[in-house]
Amino acid sequence: NHRKILTIFDYCVRATEGAFLVMEWVKGETLAKILKRERKLSAETVIKWFAQILEGVEAAHANRVIHRDLKPDNI
C-alpha cells in the first residue's frame, strides 16, 4: 500500500484471455487526457506531478516491483 499507487486487489492469468488485474477505482482523468486537453502544462505543475510520480515509482522499486508500462495513459 502506498498513497501514490493504486491498490491491486487480485490478478489472474488465463491461457485463453491473457492476464488481468483487479485494481482500486480512482475517479479522475489520466495524464494523457489532461495533456490532450491542455496541450501544455506549467513548469510548476510538471515538477509537482513528476515528484509525486517518482515517489510512487520509488516505493514500488523499494518493494521489488517494476512498472513495465509507465506512460501518460497509466498515470
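Leu21 lies in strand S2, where strands (E, at least two residues) and helices (H or I, at least four) are DSSP runs numbered from the N terminus. The model is predicted, so local features need pLDDT of at least 70 and side-chain atom pairs count only at pLDDT 80 or more, whereas totals for chains, interfaces and linings use all residues. Residues are numbered from 1 along each chain as its sequence is written, and side-chain values use heavy atoms, with hydrogens and water left out.

Opposite Leu21 in S2 stands Tyr11, and opposite Met23 stands Ile8. S1 and S2 run antiparallel and are joined by 6 bridges; strands count as paired if DSSP finds at least two bridges between them. The two strands form a hairpin, with 3 residues between them.

Leu6, Ile8, Tyr11, Val13, Leu21, Met23 and Val26 make a nonpolar patch of about 700 Å². Strand S1 (8-14) and strand S2 (18-23) are the elements that give two or more residues to this patch, and S1 supplies the largest share, 3 residues. Patch residues have over 30% relative accessible area and no salt bridge; like charges are joined within 9 Å, and nonpolar side chains (Val, Leu, Ile, Met, Phe, Trp, Tyr) within 5 Å. Accessible areas come from the Shrake-Rupley method with a 1.4 Å probe, and for residues only the protein chains shown count as cover.

Next, the salt bridges, defined as a side-chain nitrogen of Lys or Arg within 4 Å of a carboxyl oxygen of Asp or Glu. The count by this rule is 4. Glu55 forms one with Arg3, their closest N and O atoms being 3.0 Å apart. This pair links distant parts of the chain, 52 residues apart: Glu55 is in helix H2, and Arg3 is in the segment before S1.

Finally, the largest pocket. On a 1 Å grid over the protein atoms alone, a pocket is an open set of points where a 1.4 Å probe fits, with protein on both sides within 12 Å along at least five of seven lines; lining residues have an atom within 4 Å of a point. Of the 36 lining residues, Lys4, Ile5, Leu6, Asn74 and Ile75 are the closest to the centre of the largest pocket. S2, helix H1 (31-38) and helix H2 (43-62) each give two or more residues to this lining, and H2 gives the most, with 8.
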